[in-house]
Amino acid sequence: MFTRAGDEFVPAAAVQTHTATLPAVERSTARTVGFLDCSRTADLTSLVLLGARDGENLAELDTFRIEVWDPKRSPMGRVRYSEIRDALESLLPCFPRLLELRVDVTASSDAQDLVDHLRRLPGGRRVEPWHADRRGNRELWDALERRLLGDASALRIPDHARLQKELRALRIKPQGSGFAVVDPTNSHARLSTRSRGRAAGR
């Protein structure tokens, strides 16, 4: 567990342990969960789907899909939410046992419009808006940390260049009476406050 400013959020060795050759899953009847991290102009919008390795047990997850939309590839320099809408309309029926897809609506009204649209579709009630705040961010980081510092079977991630780079870049930064998780290579990276006791593993 990290104890000092500048420590890795998760050691590179732990990231490597959880890395596997995982082809993208086109469709599956396994229990699945997902998260869409939304942006407008500065960052990528990324979709990640995780599925139960044996189809049922969410204690052992594989990364099923990673999809990325880059605003820099748009002539207007903005994420095209029409493309994301079309992609999700096609994708959701391929995962009939998707339990929940959380969509980060914090920074973009387009993201909330996307949620509203998807929830009107058959099976769309599985799509839920998610609002980023310190508590929510902390819960996400804690869940990721537990998976990556636990047994290798808890989570398998692909050898995805950008994902690997971002995980290995995460560092600990002092903040108030605790710590925060931050990517020093990305000025837009969100911080997640952590208590000092939790950070030290006590």
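Two aromatic pairs are found in this predicted model, where rings of Phe, Tyr and Trp (for Trp, its six-membered ring) pair if their centres lie within 6.5 Å, with planes under 30 degrees apart counted as stacked, over 60 as edge-to-face and the rest as tilted. In the pair formed by F35 and W130, the ring centres are 5.3 Å apart and the planes stand at 75°, so this pair is edge-to-face. It links distant parts of the chain, since F35 belongs to strand 2 (residues 32-37) and W130 to strand 6, 95 residues apart; strands (E, at least two residues) and helices (H or I, at least four) are DSSP runs numbered from the N terminus. W130 has 10% relative accessibility and therefore counts as buried, a label that means under 20% relative accessible area, with exposed over 50% and partly exposed in between (1.4 Å probe, protein chains only). The other pair joins F64 and F95, whose ring centres are 6.4 Å apart with planes at 35°, so it is tilted. Because F64 lies in strand 4 and F95 in the loop between helix 2 and strand 5, this pair ties together parts that are 31 residues apart in sequence.

Residues are numbered from 1 along each chain as its sequence is written, and side-chain values use heavy atoms, with hydrogens and water left out. As the model is predicted, local features need pLDDT of at least 70 and side-chain atom pairs count only at pLDDT 80 or more, whereas totals for chains, interfaces and linings use all residues.

For I84, with neighbours within four places in sequence left aside, the contacts (heavy atoms within 4.5 Å) are L36, T45, W69, V79 and L114.

Seven strands make up an open sheet in the order 1-7-4-3-2-5-6, with mixed pairing; two strands pair if DSSP finds at least two bridges between them. Strand 1 (19-20) and strand 6 (127-130) stand at the edges and have a single partner strand each, so one side of each is left without a neighbour in the sheet. Strands 3 and 4 run antiparallel and are joined by eight bridges. Here T45 has W69 in strand 4 as its bridge partner, and A52 stands opposite L61 in strand 4. L61 also has a bridge partner in strand 7, namely L155, and strands 4 and 7 (residues 155-158) run parallel, joined by two bridges. Strands 1 and 7 likewise pair in the parallel sense, over two bridges, with P158 in strand 7 as the bridge partner of A20.

Helix 5 (residues 161-169) packs on this sheet and touches strand 1, strand 4 and strand 7. Its direction makes about 120° with that of strand 7, where axes are lines fitted to C-alpha atoms (for helices over the stretch in contact) and angles run from 0 to 180 degrees between N-to-C directions. L163 lies in helix 5 and counts as partly exposed, at 25% relative accessibility. Beyond its neighbours within four places in sequence, L163 is in contact with I66, I157 and P158. L163 and I66 are 97 residues apart in sequence, yet their C-alpha atoms are 9.3 Å apart in space.

Across the protein there are six helices and ten strands, and buried residues make up 41% of the 202 residues. Of the contacts with a separation of 6 or more, 65% are between residues 24 or more positions apart.
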